[in-house]
Amino acid sequence: MRNLSGDGIVEFVLVDFPTSPPLQLLLFVLFLVIFLLTLLENALIVSTIWLTPSLHRPMYFFLGHLSFLELWYINVTVPRLLGAFLTQEHRVSYVGCMTQLYFFIALACTECVLLAVMAYDRYLAICEPLRYPSLMPFSMATRLAASSWGSGFFSSMMKLLFISRLSYCGSNIINHFFCDISPLLNLTCSNKKQAELVDFLLALVMILLPLMAVVSSYAAIIATILKIPTAQGRHKAFSTCASHLAVVVIYYSSTLFTYARPQAMYIFNHNKVISVLYTVIVPFLNPAIYCLRNKEVKDALRKTVLRRCPYSRDIPD
């Protein structure tokens, strides 16, 4: 049998979490609850921003895109994670593996760029408050959001173009609960230098460049905040970007820790735990971080929920 990539392998075997059955069942229930709560949180945020005219501003427009992205992201990764707690191994076809890899890379790269765009938006709001409406009109916000999605999916397409040309004719066992770049590169029996170079260069563009934009934006933001004479003014200014900064730190720290040493990612089982952090925990925490610290979003969410409740008139405002 021959697959689309070359000789021999028509499917891959994903090695899941080798734990005791009671613990596997407990983890399955735990992550199922997190998955459902994450779906509910992000769906509520997207619908609330869409239905609330007062939130039709660039800051919340980007937040809506982030929540929609994470809705898609967890639907790509979490069902596979849930299956990993029920079985010791899982078989996936070559096409299925490449499709999963494509969407995983595309959404991860899109989130990197989108977080950088949100940092730039906060920079303009704090450092250029008088010029903010002219520098960040809604048309500009739309173009920046579209560029984030476009660059993420284009980067993923370029990576997959080179990975899919490799031959997989040896072992077909992937020590992970989903298809990822490093495990696949470790399994190939053809020359992988070109694919590794493309992966490295695109990682520089899609991870490090957005990270540099985030760091530069927050360096300017912190410098501006420190110039504010009153403590109350400094606190108010910092509170407008503290939520985004927390999300950036969590997301980039887990991503860089995983992909800084791709070889180690495949050798040690600890990579699965780190992968759970940025595929499950980060999408779960992001809506809570943003909403619990933002009065406008909390008020709009409350009104949206009460509007859909048949007994909302009996509930005091």
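Tutor: Among contacts in the protein chain (heavy atoms within 4.5 Å) between residues at least 6 apart in sequence, 82% join residues at least 24 apart. Keep in mind that this is a predicted model, where local features need pLDDT of at least 70, side-chain atom pairs count only at pLDDT 80 or more, and totals for chains, interfaces and linings use all residues. Residues are numbered from 1 along each chain as its sequence is written, and side-chain values use heavy atoms, with hydrogens and water left out.

The chain has 11 helices and five strands, taken as DSSP runs numbered from the N terminus (helices H or I, at least four residues; strands E, at least two). Of its 317 residues, 47% are buried, meaning under 20% relative accessible area with a 1.4 Å probe, protein chains only.

Now the helix pair. The axes of H3 (residues 94–127) and H7 (residues 193–226) come within 9 Å and cross at roughly 20°; axes here are lines fitted to C-alpha atoms over the stretch in contact, with angles running from 0 to 180 degrees between N-to-C directions. H3 and H7 are therefore roughly parallel, since angles under 35 degrees count that way. Their contact has 19 nonpolar, two polar and one charged residues, where Ala, Val, Leu, Ile, Met, Phe, Trp, Tyr, Cys and Pro count as nonpolar, Asp, Glu, Lys and Arg as charged, and the others, Gly among them, as polar. On the H3 side you'll find Cys109, Ala116 and Tyr123 among them, and on the H7 side residues including Met206, Pro210 and Ile221.

At 1% relative accessibility, Ser155 counts as buried.

On to the core, a set of buried Ala, Val, Leu, Ile, Met, Phe, Trp, Tyr and Cys residues joined through side-chain atoms within 4.5 Å. The largest one has 90 residues, and Phe12, Phe62, Tyr168 and Leu184 touch the most other members. H3 gives this core its largest share, 22 residues. Phe62 touches Leu114, Val117, Met118 and Asp121, as well as Met136, Ala141, Leu144 and Ala145, again leaving out residues up to four places away in sequence. Tyr168 sits in the loop between H5 (138–163) and strand E5 (173–174), and is buried at 0% relative accessible area. Its C-alpha is 4.7 Å from that of Thr188, 20 residues apart in sequence.

Definitions and conventions: Buried < 20%, exposed > 50% of the residue type's maximum accessible area, 1.4 Å probe, protein only. Parallel < 35°, antiparallel > 145°, perpendicular 65-115°, else oblique.
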